[in-house]
Amino acid sequence: MTNLEVIRPFIERFITAVSNSLRLEMAIFDGSCQLFYCTPTYSKKKGRSVHTPSLQEVIENGSILINTPGEMASCIGCRFRDHCPSTIEILCCIHAGTEVAGVLAFTSFTKEGQKRITENDAVYLNAITEMANLFGNQLETMTNGQSPANLDASILPVMELCDQPLLLTDAHGVILQYNQLAEDLLKVCELTSASLWQIFPNSVVKRIMEGNDLFEKSVTISGMATKISTRAVKINGQVTGFYIRISDQLRALSKDTSYFEGIIGTSPAISEVQRMIRRIADSPTPVLITGETGTGKELIARAIHEQSRRSKYPFVAINCSSIPDNLFESELFGYEEGSFTGAKKGGKIGKIEMAQGGTLFLDEIGEMPLFAQPKLLRILQEYELERVGSNKKIHLDIRVIAATNRDLGEMVAEKTFRGDLYYRINVINLKLPPLRTRKDDIIPISENYIKKLKLKLKMDTPLSSISPEARQLLLDYQWPGNVRQLQNVIEYAANLCETDVLMPGDLPETMHTERLPSLPPVSPFPPSQDSRDQELLELFEKYGYTLEGKKRIADELHISLRTLYRRISHLKEELSKN
């Protein structure tokens, strides 16, 4: 029997190239129907166990298209028959001369891949046949002691099948091959002598060189934005090159920031949150985000999703407190036709199932009814779902992120939240700091929100900056409503201000109710002090420190409110000297 080991390096590098080019997963089996090599995702989804009858059918018939996995005759006896992770497969026999060398498989595990292959089945059938012939010819050539074909030259025709720009580099990032789409897209670069270091940001190339496989990673090329997916080519465990697929056409950089970039601040507390997001983004482990109301829990959840390999798939957010108890199960888990009175004909997909491939965000999970918690626990343990009124198991590929402002540990002690569910979702706990503990971020958040109001929300406001007096008020306030309250205050001021500078008088009344800490209840000034300052202190004692009080003081002194705030600032400086 012909031994595929003779051309293992050729097979490994070629399969990596084709799987990237055609955006599918691949596996190759030897003549004994044993798994010889496969892409990482194929191994993760199906493991090394092989359903021999289906491979034997391919060996007998030459090739086979499985477009309804689990329902075909060749699927009988397969351990995946009732819950096959594949959405479509094409298999083709490999012949080296007159001998059977093995079987080649093209597989997709997504609905998008199923649709793409079904609509272009002739293209993919031709591609797998040509590839099987190439492997067979290469194997026969090597077995007979002849010189093998040039690998890079053999790969180029396959790269041209890719409907997106594709690059092949050596282990140092020097570009060896590229398809026509890549040449058209990257005319800004001298591709015949260029390397990844000349095209992409150094930080991105460094990650690629370290062997990290990137998926839909946002990058910039010559000031333009795009996304790339990469895969390292390994032979005998050593990296020999990289495949880079450019997912989108180059486009002008968007003015809208990403969710991750929307996390404003440089304080140690928020920097740690940003570091954690990067670390855990690609992990399948559930995340529990905790923090006070208004700290930005959904923003953090969306940033985790955005930074992960799941970013091109749905982010489905569910507010557990907004769904009535009697509708909770049907909304989350979906239902079959006739499962209860009023059920829609044909049934309905649940929100959990809608997140397939992506991220399920359970906001305010502390409000989830107790009766629904065992079902969610089962999903987190088995990643399988049963719709209401059905016993059919639906395999789930989702990442679960939950958030709450409640103390779930205390709720477990009070038996108002299941302990087993709490321990399952609390594997990674991301604690968000309240705004009052990150004072350095208050002004940057405020200034960023002013820009957002004008650019993104198209608010017609003259406001563009914040006066020193208003800055101090913002910094002194305790912000019980956190970032959400700060944004509301800025939006309030943007609606009412009449100049381009935010003054204390533009802020809500609640911002003025606390006494200025540096102003004493009685005058500390010696007789030599400016009498106007003494007068101002007496007026504060008479009218108080509220905004209305300050307006009355300004009227009595026949000055504007802005001038009054300048005098207050001067008074504070004088008091601090004494």
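Biologist: Which side chain of opposite charge is nearest to Arg399, and is Arg399 buried or exposed?

Modeller: This is a predicted model, in which local features need pLDDT of at least 70 and side-chain atom pairs count only at pLDDT 80 or more, whereas totals for chains, interfaces and linings use all residues. Residues are numbered from 1 along each chain as its sequence is written, and side-chain values use heavy atoms, leaving out hydrogens and water. Buried means under 20% relative accessible area, exposed over 50% and partly exposed in between, with a 1.4 Å probe and protein chains only. Lys and Arg count as positive, Asp and Glu as negative, while His and the chain ends are not counted; a salt bridge needs a side-chain nitrogen of Lys or Arg within 4 Å of a carboxyl oxygen of Asp or Glu. Here Arg399 is buried and has no salt bridge, and the nearest side chain of opposite charge is that of Asp282, 7.0 Å away.

Biologist: Which backbone oxygen lies 2.9 Å from a polar atom of the Arg399 side chain?

Modeller: That oxygen belongs to Ile280, and the Arg399 side chain also reaches the backbone oxygen of Ala281 at 3.1 Å. Counting contact as heavy atoms within 4.5 Å, and leaving aside residues up to four places away in sequence, Arg399 touches several residues, including Ser283, Pro284, Ile304, Arg310 and Leu360.

Biologist: In which strand does Arg399 lie?

Modeller: Helices (H or I, at least four residues) and strands (E, at least two) are DSSP runs, numbered from the N terminus. Arg399 lies in strand β17, which covers residues 399-404, and the protein has 22 helices and 20 strands.

Biologist: What is the order of the strands in the open sheet of five?

Modeller: Two strands pair if DSSP finds at least two bridges between them. The order is β2-β1-β5-β4-β3, with antiparallel pairing, and the edge strands β2 (35-38) and β3 (63-66) each pair on one side only. Within this sheet, β4 (residues 88-96) and β5 (residues 99-108) are joined over nine bridges, and Ala96 of the former stands opposite Glu99 in β5.

Biologist: How many residues stand between β6 and β7 in their hairpin?

Modeller: There are four residues between them, and Gly173 in the turn has a positive phi of about 90°. Strand β6 (residues 166-170) and strand β7 (residues 175-178) run antiparallel and are joined by three bridges, with Thr169 standing opposite Ile175 in β7.

Definitions and conventions: A polar contact is a pair of N or O atoms within 3.5 Å; within protein, one must be able to donate a hydrogen and the other to accept it, and residues adjacent in sequence count only if both atoms are side-chain atoms.
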